[in-house]
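Open the structure in a viewer and keep the sequence panel beside it. The stops below say what to select next and what is there.

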Amino acid sequence: MESGSAPDTADRSMHSIKGLKKRLWVDRLATNFVTLGGGVIILAILAILFVIVWEFAPLFKSPKVVLEGTLDTGATRYPLAVGMDEYREVAYRVDGAGIQFFSLKTLKPLPATPLPELFKAGITSVSPSEDGFIILGLSDGRVLPVQVKFENIFSGDTRTVQPKLIPGKAVLIREDGKPVETLTHFKSEEGYSIAVKTNGHEVAVIQVEERRNMMGGVTQNTSKDIISFPVKGEISVLVFHTVENALMAGTTSGQILRADLEDRDSPGAIRNIGKTDRPEVSVTSMDFVLGDYTLVVGDSKGGVSTLQWLKLKDGKPRLHQINNFEPHTEPTTLFSKSLRTKAFLSGAENEIRVHYSTHGETQITLPHPEGQKFKAVSLSRKGDGILAADAHGKIYHWTMNNPYPQITLKSVFGKIWYEGYKEPEYVWQSTGGTDEFESKFSLVPLIFGTLKGTFYAMLFAIPIAILGAFYTSQFMDHRLKGIIKPTIELMAALPSVILGFFAALLIAPEVERFLPGVIMTPFVIAGVVLLAALFYEISDEFKARVKTGREIWVLVPLTLFGGALSFYAGTLVESSFLMGDHRTWLNEVFSVTYDQRNALVVGLAMGFAVIPIIFTITEDSLSNVPEHLKASSLALGATPWQTALQVILPTASPGIFSAIMIGFGRAVGETMIVLMATGNTPVMEWSMFNGFRALSANIAVELPEAPEGGTLFRLLFLAAFLLFVMTFIVNTLAELVRLRLRKRYRVL
Amino acid sequence: MRAAFKKVWNRGDGFIWLAGAGLSLSLIMTAALLLAIFFNAAQFFWPGETVKLFVEDGRAILGEITGREDIPNPDNPEAPLKYRVQVKQGNRDIHGTDFLWVEESSIKATQLPQDAVVVERREWGNFYGFIKEVRDQGNVLAQGAEKGMKILEELIPVSNDNINAIQKIARKNIGAVNFYMEKNRLELKKLKLEGIDNGKAVEKLRMENDELQNEYKTFEAQLAELRKSQTAEAVFTTINGVEKVIPLSQIIRIYSPNNFGWFDKINFFLVKGWEFISDEPREANTEGGVFPAIFGTVLMVMIMSLMATPLGVLAAFYLREYARQGAMVSAVRIAVNNLAGVPSIVFGVFGVGFFIYFIGGSIDSFFFSEALPTPTYGTGGILWASLTMALLTVPVVIVSTEEGLASVSGGIREASFAVGATKFETTWRVVLPAVMPSILTGLILAMARAAGEVAPLMITGVVKLAPTLPIDGIWPFLHLERKFMHLGFHIYDVGFQSPNVDAARPMVFTTTLLLIGIVLLLNFTAVILRNRLRKKLAVSGV
């Protein structure tokens, strides 16, 4: 700035051009940086949506099946059974001559494993099993149990699978020496049972008890029984119903018969329990899915259906049809089940289908690659592969990618007839005690819970908040308003965990004690206040004492008095009309049970959280109604109340609507209050005396324990997505309404 | 009368009163909540009298009366109400439960025995009884109530110092040794993964490990020495004459509340209050203090502020200063509104999916592959919780900053442009200082929100009991991957998951009071700041 020599000036101007450039550059950089800041916000909301969708989307991906390899065994006999190890590296095939292992990696046969226990007999039938313990029916009337074992041998870091056959003790079942053709078995910890058809209507059952003695040896104890079924036609398939200790038989005339093995002599121990559609349709395959609860029946018309052994209201237990699956075009003769889930596989000679028993959908259909004759199938243990052998000596190996088989839109949002239930229901029960537990993943009870909690909260909050806002904005002294409004806004700052804690530990027991009083409170307070208003009108002295705009000083004690009066009246009502105890009364008159932590308590506590939100926004929109509207109404002689009701309220109503919407959004997503103040049981009852389980609380409780990438994990993301969508719609709606309102005010 | 009624109906004054009743109801509820929590919490530190009750059936009970309620009698509602009192009898190791309900009508007499003492123990809760003697390795140091109390008052501070020394070694020194050993183990594993299992680096690590092992042994020896020096023990009798020997190392403090004057009571109140704020929790969080929870809450809020403030301020500046009206602005507005409205648990779910499993999982596989499958960053931790919380609170900062920007008059900006300042210079030198208080208000409100929010934290890294604080003396001092404790979660956990609900109740109320205090204090500050600001602007606007 000081004067200087000529070169100096030139230098400075040079410098300042340089400086200007730098300044402009900084300016541009800052602009970009700030714009980026705005972008990050959009990005954040998009990222939330994207991440959540990304996580739950795989649930609804359709399954993929790839033909991994075809193996030509060159065998000419029909296969009776196939199977494979856990890692799908080694397969076995059973035919009349014996058991042959193949490598599924090289697609070559492995060294032969002779079964000397066969003597000269051939294998005529097999009772297969996915766990490797199979029973061979032999041509000389004997049965031979064989454990197909796969040993994993580690050398360094490489693993090889070593197949092995461990034959058990053969037992002669058909004393006439005729070949064993229809048989079934089950294995328990104590031993195994085998049932063999000995003629058209008779079945021989042997039970083998294995006991390990002190020396490590095994002693066997075999008992044998003959059961005679009242069959029309002939027995075609047999299966043990292990959980009920019964034997079921399907016949060529379409009957399903049951023999109680526990109590064989009682009347009705052996009886007809079900049938196919028509007598000429015979039962061609029958087995249970994992857990031995759901029976899958395949018939000669290609039908596949699941049934459950249930005792409904009418007394006697019988088989009830649960689901019908897509039928085959040829008789359904093949079956295999997953040992992890409720998935199973049914097959006819020309195709194989994979179904899921819980929701009754057929997920995969695999036609025979050459159009002909599947004779044996097996689903892998993990449910990720299928093996099928055909009449031409070929074995096909498919890899199946279907990680979330139990999730379909129907199983998440529809009614499902679960195992052991009396009818189709919406149930959420994500974890159970055993591996065979059927997960129940219906989000409907949770959505119901969320809406129920929101409903009761809004029922409580809307009247109080809007009345309060009305009074504050229209009738209250301005200086007082300056204190009251921030106080109510501070209410919004109370952490919800504290409200939840307060509701559960202090409100819930008191509400239980004074229930009639609590329910009467709003009416009693309204009555008391209206009486006081009447008195105010009559008594000039009272009128002179209470200044307009400062009624609140009288109203607070009045409200307190009303509350106390109502609680007192409540105890009187209870003792004279409700048999002294409202819980028994509720139970006897309405057969409603009373939970201490219930929707009423949640409504009160969540109302607490929602009131300040609705209050603030309503108050703002009421206060922002242009002053000239109010003034002209009053000038025309309308009373303040008439002005408020007929001028202010209609003008501000969109604002009130948007306040309710935003309050609704808050209540829908509230987590800690519903988590703490309800019992979190996913029941579907509208009663305000029962608890519920909300989407939000469910996420908070179950997400920490859900393994990443599992069904439950992804389902909880779906629950979060539902919450996101609900609040997004409500918030956007509220915002749009508010924008319109702002425009309207501007015009006015 | 009728005319008056009609008049009221027509004029609608009754409805005005009704509307006012709605407001007073919400005020009453707020006041009731605050008062209920305050009174429940205040009892916690106040020393109650130790009462001796003689009951009809011949029993005598010693303890503190903590509650009274009527006995429900549904069969005969007309009968006069009967009451029962809740007595905290302590001595959980002897009786099995700390609390006892006694029917009031069955109490024959009450006494305040002057020699009754309350012993706060490190385990098993309080002991109520009488001092019999104090001894050390068989030598009786003192007998009887008076002398015993005197010598215990001398000995207990010494033993507490000793315990503190033991804990310091166990936590700090041995903790550090374990930390470095684990670090070395992982480094060895990393080298092995790279194919190096001998050579200089490996040798060095092995030698370090040996050194650490030696250090560990010295610390162990020190610990054993300290533990051995703890031999004194006190013998007490319960009200029923059962003798109970309690080693001094188990005793935190001993006092006889029946002898307390006002000064003693206030002193006790303050000491307990300080212990609550500064100590670590004991007995599954139902006793002791909440220091780690306060620490975790504060640290989480600080990291959150570091992330949320710049982002919120930038977005607000974009909306008010830089953006031209258009689709982009509408999009940002909708995004901000929805960020403010999306349920907090959804933010938590996003945090789990994005921060923990995507970003954290990637960090683990790139930088901490030697520790896998144990996750380092791929699991809940204070960093991820804070980032999640920052997203949740960003709209608060935006709204507040925008409000401030709207009230900076256009004239100031134009004046700045007129003297040749660029937009950035105007923003930086003129506008930003003017909106600083608004930003601060937003920040404080955001902090209050973050301090009280629990749901998203439950799934992104809060635990009921964290073994170590996220900041300690081991390099790099700040351990962002660690899990942490939080006051809000502490309330949920102790109040709802605790096995001993009665014993935990006062603790929960006190923590609640503390949290309410923090949140309301922050909010008050913000409100006052905002009001002052508005006044200032109102003046300058004219």
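Predicted model: local features only at pLDDT ≥ 70, side-chain atom pairs only at ≥ 80, totals over all residues.

## A partly exposed ring and its partner

Select B:Phe260, which is partly exposed, with a relative accessible area of 22%. Here buried means under 20% relative accessible area, exposed over 50%, and partly exposed in between, with a 1.4 Å probe and protein chains only.

Residues are numbered from 1 along each chain as its sequence is written, and chains are lettered from A and ligands numbered from 1 in the order in which they are written.

## Aromatic rings

Over all chains, a search of the whole structure finds 51 aromatic pairs. Rings of Phe, Tyr and Trp (its six-membered ring) pair if their centres lie within 6.5 Å; planes under 30 degrees apart count as stacked, over 60 as edge-to-face and the rest as tilted. B:Phe260 and B:Phe268 make a tilted pair, 5.9 Å centre to centre with 55° between the planes.

Go to A:Phe335 and A:Phe344 for a stacked pair: 5.8 Å centre to centre and 25° between the planes. Are these two residues, A:Phe335 and A:Phe344, buried or exposed? Both A:Phe335 and A:Phe344 are buried.

Back in chain B, select B:Phe350, B:Phe354, B:Phe355, B:Phe358, B:Phe368, B:Tyr377 and B:Trp384 together; they form one aromatic cluster.

Two charged side chains come next. A charge sits over a ring if NZ of Lys or CZ of Arg is within 6 Å of the ring centre and within 35 degrees of the ring normal. B:Arg84 is over the face of B:Trp101, 5.0 Å from the ring centre. B:Lys423 is placed over the face of B:Tyr322, 4.8 Å from the ring centre.

## Chain B: domains, a helix and a loop

Colour chain B by domain: domain 1 is 51-112, domain 2 is 133-259 and domain 3 is 293-540. These bounds come from an automatic or database domain assignment. Between domain 1 of chain B and domain 3 of chain B, the C-alpha centres are 49 Å apart.

Select helix H8 of chain B, residues 327-341. Helices (H or I, at least four residues) and strands (E, at least two) are DSSP runs, numbered from the N terminus. The expected span is 1.5 Å times one less than the number of residues. For the 15 residues of H8(B) that gives 21 Å, and the end C-alpha atoms are 21 Å apart, which agrees. Which residues of H8(B) are buried? They are B:Val329, B:Val332, B:Ala335, B:Val336, B:Asn338, B:Leu339 and B:Gly341.

Then find B:Trp124 in the loop between strand S6 (116-121) and strand S7 (127-136) of chain B. Its phi is near 70°, a positive value in a residue other than glycine. Most residues other than glycine have a negative phi. B:Trp124 is partly exposed, with a relative accessible area of 44%.

## Chain A: a four-strand sheet

Show strands S15-S16-S17-S18 of chain A, an open sheet in that order with antiparallel pairing. Strands pair if DSSP finds at least two bridges between them. The edge strands are S15 and S18 (270-275) of chain A, each pairing on one side only. The twist averages 25° from one strand to the next.

S15(A), residues 235-241, is mostly covered, with six of its seven residues buried. Six bridges join S15(A) to S16(A), residues 246-251, and A:His241 stands opposite A:Ala246. Four residues lie between these two strands in the hairpin; A:Asn245 in that loop has a positive phi near 50°.

S17(A), residues 255-260, pairs with S18(A) over five bridges, with A:Gln255 opposite A:Lys275.

## Chain A: strand S29

Finish at S29(A), residues 394-401, where six of the eight residues are buried. S1(A), residues 64-72, pairs with S29(A) in the antiparallel sense over eight bridges; A:Asp72 stands opposite A:Lys394. S28(A), residues 385-390, is also antiparallel to S29(A), over five bridges, and A:Trp398 is the bridge partner of A:Ile386. Three residues separate S28(A) and S29(A) in their hairpin, where A:Gly393 in the turn has a positive phi of about 85°.

Methods. Heavy atoms only, no water. Axes fitted to C-alpha atoms, helices over the stretch in contact; angles between N-to-C directions.
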